[in-house]
Amino acid sequence: MQFPLARYRRLLATYLKPQRGRVLGLGCLVFLGIGLQLLNPQIMRRFLDSALAAQPLEQLTKLALLFMGIAFGQQLLALGAVYLSEQIGWTATNALRADLTAHCLHLDSSFHNHKTPGELIERIDGDVTTLANFFTQFIIQLLGNGLLLLGIIVALALEDWRVAVGLIVCVAAAISLLQKMQRVGVPLWGESRQASAELFGFLEERLAATEDIRSSGARNYVMQQLYRQMLVLYRKTRKAELATAWLYNAGQSMFIIASGLGLGIGIYLYQQQQTTIGGVYIITAYIGLLTTPLEQILRQIQEFQKASAGILRIDELRQQRPAIVDGTGPTIPQQALDLRFEQVSFGYNTDTPVLRALSFELPAHQILGVLGRTGSGKTSLIRLLLRLYDPHQGTIRLGGIDIRNTSLADLRRSIGFVSQDVQLFHASVRDNLSFFDHRIADQQLLAALETLGLTNWLNSLEHGLDTLIKPNGLSAGQAQLLAFARILLKDPRLIILDEASSRLDPASEAIVERALDRLLAGRTAIIIAHRLATLQRADAILVLDAGTIREFGPRQALLQNPQSQYSQLLQHGITEVFA
Ligand SMILES: Nc1ncnc2c1ncn2[C@@H]1O[C@H](COP(=O)(O)OP(=O)(O)OP(=O)(O)O)[C@@H](O)[C@H]1O
């Protein structure tokens, strides 16, 4: 598999450029540390040779102190380097996490249908975490340690060329081995990362369904599946780790060979009286010093294998482009909007149509009640209106404007959508109402609740706006009330309400009804109705059947026609007719 360098360069440039000062500082610390590493054996050599030549104690003490000072300085530099690299790594990876999250939020529903949230979390966090080392260490360490290696070879060549040649042969053999292993390692780490993402996806999905799993007695089945997923991850990671360990050991073997060679040559030179004890020391010290750059280079390449797999997966995600893009046409007028569906056809895949040539018109200020059996296409119709998908054929016009021609932000600002399954956050009522927008004053929130007649409801909460909403902490009716208030704060021109199908108790139903009256006043609305009471406020009724319009017309007219579906509903009830 080929990994174009441009990919790495782009990533490094994007996330390191804003921190070039820190990167420069880190580079200086690393290079200075390497310089000191090369310097210290020379001081020890002088110390040894001076001691053997019975030089004065004062000079030996100075050399010993210098040696210690440099060793101490090395530690300080290493500490500074760790501090800076952590800062660079966290800043860069956090920026990348934020970019990926924003990117995922931007992608179409069709993308999210194929990826579980857990899998995306593993990409946004897990894969990015493997890049921290790449951002902070890879190039600096590779360059620095490459230089250190060169420095050691030069220093040894100055002692004796034969030692240097032996070393060069070993290093060249190690590098060619590393290249071969690199090709094997990266795809294996890619598979391991994918297995990890799938495990996360599995966990997220099952944990979100805890109630259903427990109530249906599926716990053992879920656990079995979990063991299976963990086994896959274990096997893939073990394979990748083994490949990497091979790489590491191959490098280490080269080091052992180099050490033996150097030591042999050193002893030979000493026996031939071609060098001093200090000279033998320096050969062994420099060869010993080789461990550091070789280990570092090996470690970097090991980490790079994991990072490469991560980069590949991150790039794949970044290259996903939303098919649904902003239009460049006019903005939607800030007034009650009329809505037209003109021969709209749609399917989630091309061979199974879900909506077929739908045409209807809803004048401004009117309320449309949408009915139909489960699977008849009601939700799909709403998704098209919100441009979560685009129709395959036909046009949807809002306020006379083709919704594909306006910007997505403008469209979604103009529409308020209350889904059946209102998404609540584990946060205060205030944050849940304002979507964490702290520019919205409490007065505005209170006024919205007041308008909807929800002040009593708010007062019944223990800490008012500060009451913490726990996951699953509100009933379906309460959640809808909260969603109504969100919509009122947004003040859209068209409201879409997918009514909660769960039955409400009479007291809650009365509150919801009252709130709904106030929410819908002066706006155009579409309601997917599950209660007859809701339908009674509709001006027009649309009955969907297998993606086609079975019935559409003014409610009053349908009411007076005993053959109409709507009259049947009133006689027999929604559940009976659409059972
Ligand atoms: N994301 C999706 N991917 C593929 N097919 C889908 C998707 N969502 C819905 N469908 C299919 O499209 C058809 C219409 O579904 P839709 O959810 O629009 O019906 P509905 O009338 O809203 O049903 P319900 O009342 O149960 O919510 C169904 O056959 C459904 O299986």
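**Reading the names from the model**

Mentor: In this predicted model, strands β9 (residues 540–545) and β10 (residues 548–554) pair in the antiparallel sense over 6 bridges.

Trainee: What makes β9 and β10 a pair of strands?

Mentor: Two strands pair if at least two bridges are found between them. β9 and β10 are joined over 6 bridges, in the antiparallel sense, so they count as a pair. Val543 stands opposite Glu551 in β10, and Leu542 has Phe552 of β10 as its bridge partner.

Trainee: How many residues lie between β9 and β10 in their hairpin?

Mentor: There are 2 residues between them. Ala546, in the turn, has a positive phi of about 45°.

Trainee: Why are β6 and β10 called edge strands?

Mentor: The open sheet has 6 strands in the order β6-β7-β8-β3-β9-β10, with mixed pairing. β6 (415–418) and β10 each have a single partner strand, so one side of each is left without a neighbour in the sheet. From one strand to the next, the twist averages 15°.

Trainee: Which helix packs on this sheet, and which strands does it touch?

Mentor: Helix α11 packs there, touching β3 (367–372), β6, β7 (494–498), β8 (524–528) and β9. The direction of α11 makes about 150° with that of β7.

Trainee: What is the strand order in the open sheet of 4 strands?

Mentor: The order is β2-β1-β4-β5, with antiparallel pairing. Its edge strands are β2 (355–362) and β5 (401–402), each of which pairs on one side only. Helix α11 (residues 378–385) packs on this sheet too, touching β1, β2 and β4. Its direction makes about 115° with that of β1.

Trainee: What surrounds the ligand?

Mentor: The surrounding residues include Asn113, Tyr348, Val354, Gly377, Lys378, Thr379 and Ser380. Helix α11 gives the most to this shell, with 3 residues.

Trainee: How do the residues of the shell divide into nonpolar, polar and charged?

Mentor: They divide into 2 nonpolar, 8 polar and 1 charged. Gly counts as polar, so Gly372, Gly375 and Gly377 of the shell belong to the polar group.

Trainee: Where do helices α5 and α10 make their contact?

Mentor: The axes of α5 (residues 117–129) and α10 (residues 277–319) come within 9 Å and cross at roughly 145°; the crossing is left-handed. The contact is made by Arg123, Asp127 and Val128 of α5 with Gly310, Arg313, Ile314 and Leu317 of α10. These residues divide into 3 nonpolar, 1 polar and 3 charged.

Trainee: What is the helix content over residues 131–155?

Mentor: That stretch is 96% helix and 0% strand, and its end C-alpha atoms are 35 Å apart. Residues 161–178 are 100% helix and 0% strand, with end C-alpha atoms 26 Å apart. An unreviewed UniProt entry annotates both stretches, among others, as "transmembrane region".

Conventions
Residues numbered from 1 in each chain as written. Predicted model: local features only at pLDDT ≥ 70, side-chain atom pairs only at ≥ 80, totals over all residues. UniProt positions renumbered as here; feature names shortened; annotations may be inferred. Contact = placed C-beta atoms within 7 Å. Axes fitted to C-alpha atoms, helices over the stretch in contact; angles between N-to-C directions. Left-handed = near helix turned anticlockwise from the far one by under 90°. Near = placed C-beta within 6 Å.
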